[in-house]
Amino acid sequence: MKTKNGFELRKVGDQRIIVAKGIENIDFGKIIAMNASSAYLWQQVEGKDFTPQMLADLLVEKYDVDPNLALEDSLALAESWQKAGIVEG
Amino acid sequence: MKELIPNEILLGCAKQMLAEGHTVTLRVAGYSMRPLLEHRRDSVVLAAAEGCKLHDVVLAEIEPDHYVLHRVVALQGENVTLMGDGNLYGCEHCLRGDVVGVVTNFLRRGNDYGCDNRLVRCYVAVWLRMRTIRRWLLLGYRIQLKMGKLISGKKENLS
C-alpha cells in the first residue's frame with residue numbers, strides 16, 4: 001500500500017493531525033488524529049510503498065518493542081488508515 | 001492509534017487553521033446555542049474574524065485554551081459581550097482580539113443556512129426580543145425534542 005497524495009501531517013500544540021493539503025475548508029469532523037508512534041510511521045512511509053511488516057520493523061527499530069506485538073499494531077494501523085481513506089492499495 | 005482530540009486542542013487547531021486563512025467546519029458540542037444548534041447534530045462553518053458585528057455567532061477564546069461558540073450581544077469599542085442563545089443567565093466578556101472566528105454558515109439538521117439567510121435573520125430578530133420568556137421557550141423546545149425522540153424510538157421498535 002501507499003500513502004495517498006494530498007494529505008499532510010501537522011503538529012498543533014502536542015497534537016498531530018492529518019489534513020488534506022491546500023483545501024479551503026477544513027472539516028474538523030473528518031480530520032484524523034495521530035499519536036506519536038503512528039505519526040512517526042506516517043512520516044517514515046509518506047509517499048512510499050509500504051507493508052504492515054515494514055511498519056512493524058520501523059516500530060521495533062524505534063521503540064524496541066516485541067516484533068509480534070508491533071506487527072499486530074501495524075496491521076491494525078494499516079487497516080485504520082485504509083478505512084480513513086489516507087492510503088491506497 | 002487514532003485518538004480522540006480533546007476539545008481545547010481541537011479548537012486550538014481550528015484557531016491556527018483560521019489564522020492561516022482556511023475556513024473550518026466544526027461539530028457543535030454543548031447545548032448553549034439551543035434552539036439554533038443542537039449538540040453533536042449540527043455544525044458551523046467559521047471564517048477568520050475580520051471585525052465581528054453585533055449578533056454574529058463567534059468562536060472566542062475567553063481564557064487561554066477556553067473557547068466558546070456564542071452570540072455577540074454587545075460591542076463597546078474593543079470589548080465584546082457574548083451569550084449563548086440557550087443560556088438564561090451569564091455572559092462572557094472578551095476583547096475583539098480574542099474572537100477567533102465568525103460563523104458564516106449553520107449546518108442544521110443537514111441543511112446549510114448562510115448567516116444572511118432570511119430564516120436565520122428572522123430567528124435572530126425574534127429570539128433576541130424574547131429574552132424574558134426564553135426559559136419557557138427552551139422548556140417547550142426540550143419537550144418537543146424528547147417527544148420527537150420518543151416517537152422515532154417507537155417507530156424503530158415497530159419496524
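This is a predicted model: local features need pLDDT of at least 70, side-chain atom pairs count only at pLDDT 80 or more; totals for chains, interfaces and linings use all residues.
Is Asp56(B) buried or exposed? Keep that in mind for a moment, and hello everyone. Side chains of opposite charge can pair when their charged atoms come close.

To answer the opening question, Asp56(B) counts as buried, because its relative accessibility is 13% and the cut-off for buried is under 20%. Its salt-bridge partner is Lys53(B), with 3.7 Å between the closest N and O atoms. Lys53(B) counts as exposed, at 54% relative accessibility.

How many salt bridges does a search of the whole structure find over all chains? The count is eight.

Let me show you another of these pairs, in chain B. Lys15(B) and Glu61(B) meet through their side chains in a salt bridge, at 2.7 Å from N to O. This pair links distant parts of the chain, 46 residues apart: Lys15(B) sits in helix α1, residues 7-19, and Glu61(B) in strand β3, residues 57-63. Glu61(B) is buried, with a relative accessible area of 15%, whereas Lys15(B) is partly exposed at 35%.

Last stop: which residue does Glu38(B) meet in a salt bridge? The partner is Arg34(B), and the N to O distance is 2.9 Å. Here both Glu38(B) and Arg34(B) are buried.

Technical notes: Residues are numbered from 1 along each chain as its sequence is written. Chains are lettered from A and ligands numbered from 1 in the order in which they are written. Side-chain values use heavy atoms; hydrogens and water are left out. A salt bridge is a side-chain nitrogen of Lys or Arg within 4 Å of a carboxyl oxygen of Asp or Glu. Helices (H or I, at least four residues) and strands (E, at least two) are DSSP runs, numbered from the N terminus. Buried means under 20% relative accessible area, exposed over 50%, partly exposed in between (1.4 Å probe, protein chains only).
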